[in-house]
Amino acid sequence: MAEVPAPQSLPVRNAVQATLQVLDPNDSSKNTLKLENTEKRDTLVEAEKRFQKQWQENGVFQPDAPSLEEMPFETTTREQMHEKHPKFFGTFAYPYMNGTLHAGHSFTSSKAEFTAGFARMQGKRTLFPLGYHVTGMPIKACADKLVREIEMFGPTFENCPVEDILEDADAGGIPPAPTQAETKTDLSKFKAKKGKAAAKNVKTKYQFQIMLALGIPVEEIQKFADPYYWIKFFPPLAVRDLTSFGARIDWRRQFVTTDANPYYDSFVQWQMRRLKEMDKIKFGKRYTIYSPKDGQACLDHDRQSGEGVTVQEYTALKLKVKEWAEPAKKILEGKLPEGANVYFIPATLRPETMYGQTCCFVGPHLKYGIFKVHDNEYFVCSERAARNMSYQGIFPEWGVYPKVAEIEGKDAIGTLVNAPMSVHSEGVRILPMETVKDTKGTAVVTCVPSDSPDDYATVIDLAKKAEYYGIQKEWVEKEIIPIIDTPTYGQFTAQKLVEELKIQSPKDTKKLEEAKEKAYKEGYYKGTMVCGDFKGKPVVEAKVLVRNQLEKAGDAFNYGEPDGLVISRSSDVCVAALLDQWYMNYGTEENGGEGAWAKQVLDHINGDLELYYPEAKHAFVQVINWLSHWACARSYGLGTKLPWDKSVMVESLSDSTIYQAYYTFAHLLHKDLFGKEVGPLGIKPEQMTDDVWDYVFDRRERNDLGFETTIDKKALQTLRRQFDYWYPLDLRTSGKDLIQNHLTFNLYIHAALFKHYNWPRSMRVNGHLMLNGEKMSKSTGNFLTIEQAVGKFGADATRIALADSGDGIEDANFEESVANSNILKLFELRKWCEEMIKEARIVKDGEEFKHVRDNERIKNPDTIQRKSGSPRLLWDEMFDNEMNSLVAETKVHYEKTMFKLALKSGYYDFMAARDFYREATKAAGLGMHEDLVKRYIELQTLLITPIAPHWAEYIWMEVLKKPETVQNALYPEVPVAKPGLTAARDYVRTTSSNITSAEGQQVKRLAKGKAALFDPAKDKKITIFAASAYPAWQTKYIDMLRKDYPNIDIKALSKSIDKAESKKAMPFINNLKRRLDNGESADVVLDRKLAFDELATLRAMVPGLKQTIRHCVQVEIVSVDEGGKTGVVVNEDGTQGEKRSELPGTAASAEPGSPSFAYENV
């Protein structure tokens, strides 16, 4: 039960006041960043709100397919439509509506949102819709709890005594059903460090407390006792939050699931009928995760914890007791009838190995019940296992498992039992195994040391320490016989693996886990039986045959249990029950499913489905390999009635598989999300028959209207046109945890109902979102809703921080400091852009720039710009070229949905390029070029549009004065970057850095009291030595590279380098390879030519060096002759000056593209 310490001054009047005092809704984010000066943010937000309103009023995000008038229906194919009018259709998993949206929702949605923004810039009609999931148990369970609480305490819960929610500080319990279905951060977990005076905790025992913590006023909570109030209350808040976030969502297409919307209800019923007709839905007894408390299956969305946990099926063996150990015999005396048949019940996944049983293990310190199954039959197992069995028809009465006695495992040590099929027909002994757990299986483990590494390691340990364990050595030293022959490990797989992995004892758990996996895979997939009735058969076949033989003989039965702890929304520990139920026939043939169907999905995953990450593809393949039958109906909650069995409803993961298809024309069916207002086509819900759904979803030919319908032909063609145009789905974004159900089900149902060309094209999954490097948690105050994030930072700064959070499948991290710093960045960049356009002081050349700079009062010197059309200099060309390079790079990142990288190249690096250009031209006394300033502003606006559209809109419309919204602007087309200019830019940056670093080193030497080559505080001269030719030793390494190009292997080349030259040769080779990798021509690089004029570039750098190096009064450039001893001074105009001989030693180290330099005081 969730709890927080109660303060000493806790009021004693009622539980509502006590809860409000300690569970302030604002506390969920109390430990997040606090902003103080919000003036700049407020300025940005004002524009954001204004543009959001304009976009909605102008229907900017409301695309439609080409009309029947634009492209006639009868003569236009879907391919022709897509060719003439390219489209993008993206979605993210529709949120569950029992709470407001949090930052995790915004992160997943941002992947679809940013992609939609870029798709618009590619000239595509772009559809990004959103609906609301309300199917299932969570809302109903919460509403029902409120009904009970209102009955108990009154409509405002005033009669709930404070004592009812107080408990001792060290007490615990199970929390109530949470109300944030999709967040992994549980609203109800309010824990805090206990103060010295806190002896009591306030428990969140009731649902009304959860609602108070959500910020719902106490007088409003009673309305939520109606489950349908939830689905009226929360969707508008989602619209509010996502609109304020700047999402490009077409809100016309919103809807809710369940029979609350009769159109969607009809859509789901059509799906279920068609799937049943296709034999994809079957009926029969199946193992299902079941909540005894709720009296129904507990499916993924019905769970408080344990999502994704399925039923593990075992073969349960019956090992009949032949002779009890003395301690157990004494305990059980008088508790069992004379001649009772008592069986230890081990559960195994490997029935084919039962021929080799040598003993049976129990946990010596575990409790074991003796449970009455029939008049004279009793089972020994854990209570947890017996509880599961009682819901599987193993005990006579449903849910009843009578326990007649209890023993500890150690009491049974030495008991002799009969092991079915074992070659040791005289019986085997019950022995201790410390690693047995009562949370998995039956807590009884049969021992097959030939094929189980765990068993082999344990029997070796027991034999060595028989006296320590209190057993007789002969009990454990039974013959180990071969059962399975494998190509890798032979006939004694366990022994081989234990020795190979050097496993020393049963405590080597990690190594044993590895050995166990290897043994099972090798044995199952490659093993051949060498023992028993099925000798010579592959294990894959023998496994089923042996199991059937055991069951037929009455020596075993099927047993299932949840493969992990599952807690229902009603706080019930769930079991595996054998129920009559309707189920989806998912799964491979090996898993009991429809193998051909599974293969279709697997082929799509391995074929043309884009999954972006190999880890994602691997996860999908794994799910296909283990997924099996899935119950598709339940009796409790909200939903669509199963068409042929109105007593149950379609469960929440089965009505949310192909709803993306519904988005394509939802706005034409109904005007409101509940389907109460008939849409513009005038079609009523009852008119949407199965034949109509078939037609509009391309399950009938376009001209096949041979079915009864009251819908006119044009309306039908309009619906079909919308689907034909928008489908297939281009992008589906979701959390990676939905691979195991929702996303895989999506692929299955698309494969069943739609033609291959209408199957999804891509699915992009992401990890969970951390906040400030920590897990998001309301209990620790480290939590943000979308409303809180946007309210704190504004939309664009929030969006930038989300883009910066990460692109991979691993968990991402939203840093509030990134959002906060970008408030300032966006504000200052906007201000700079405005000044550059509105306050520009245009000059004709560098001379006039210096005059204006020095003689006029200019607020921002950046505004002094060389006029449009004036000659461009080296700095201008390098900046223009770098912009071209970054525009192209950013486009690649957007295309690959790598938004963190797109943000880096298209925003951070783009600004850095401007900064470098600005400082270089300022230092050179030139000023920036007007054409390039305007080009930078326009390109920066376009590059950031997918991520920060509000900022972009402001610059586009109000600074650049463009005629229409930036949301309709296209991504810029730019010339290919010139490698020579790119190389020159890198040369300038590297050379400048090296020169300034050299001065810094001398400053450090002086600070430490050491001698320096010059005094940095006095006037000085810098001499730069530029080599005119490469050293002769480099020729052979150039030849090596030329010989291997383009397949240059640096590691292989390094083995051919003379050791005496390796220190200088390797950096030389790496530099040349880097130039090749950066796009320079091989002819230029390997013919020993620079892609730029080094001396001209150095001359352009001179003014800047004088500005940036303190006390630098002279910069001299010397072109060094081959050999490094002589050279000639290069004048400012590029002509040759004084010849020099006896150059200093540093001159000899210069190489083309890598100058050396020397400082001296003057």
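Colleague: Hi! Is Arg935 buried, partly exposed or exposed?
Modeller: Arg935 counts as partly exposed, at 21% relative accessibility. Buried means under 20% relative accessible area, exposed means over 50%, and partly exposed is in between (1.4 Å probe, protein chains only). This is a predicted model, where local features need pLDDT of at least 70 and side-chain atom pairs count only at pLDDT 80 or more, while totals for chains, interfaces and linings use all residues. Residues are numbered from 1 along each chain as its sequence is written, and side-chain values use heavy atoms, with hydrogens and water left out.

Colleague: Thanks! What does Arg935 form a salt bridge with?
Modeller: With Asp880, and the closest N and O atoms are 2.4 Å apart. A salt bridge here is a side-chain nitrogen of Lys or Arg within 4 Å of a carboxyl oxygen of Asp or Glu. Arg935 lies in helix α31 (residues 930–944) and Asp880 in helix α29 (residues 874–895), so the pair ties together parts that are 55 residues apart in sequence. Helices (H or I, at least four residues) and strands (E, at least two) are DSSP runs, numbered from the N terminus.

Colleague: And Asp880, buried or exposed?
Modeller: Asp880 counts as buried, at 13% relative accessibility.

Colleague: How many salt bridges does the structure hold?
Modeller: The structure holds 85. One of them joins the side chains of Lys900 and Asp804, at 3.7 Å from N to O. Lys900 is in helix α30 (residues 899–923) and Asp804 is in helix α26 (residues 795–804), so this pair ties together parts 96 residues apart in sequence. Lys900 is partly exposed at 36% relative accessibility, whereas Asp804 is buried at 18%.

Colleague: Nice. Which residues are linked in a network of salt bridges?
Modeller: Arg273, Arg274, Glu277, Asp690, Asp691, Asp694, Arg699, Arg700 and Asp704 are linked that way.

Colleague: New topic: which residues form a positive surface patch?
Modeller: Lys1004, Arg1005, Lys1008 and Lys1010 form one. Patches are made of residues with over 30% relative accessible area and no salt bridge; like charges are joined within 9 Å, and nonpolar side chains (Val, Leu, Ile, Met, Phe, Trp, Tyr) within 5 Å. Lys and Arg count as positive.

Colleague: Where does Lys1008 lie?
Modeller: Lys1008 is in the loop between α33 (979–1007) and β37 (1020–1027). Its relative accessible area is 64%, so Lys1008 is exposed.

Definitions and conventions. Accessible areas come from the Shrake-Rupley method with a 1.4 Å probe; for residues, only the protein chains shown count as cover. The place of a charge is taken as NZ of Lys, CZ of Arg, CG of Asp or CD of Glu.
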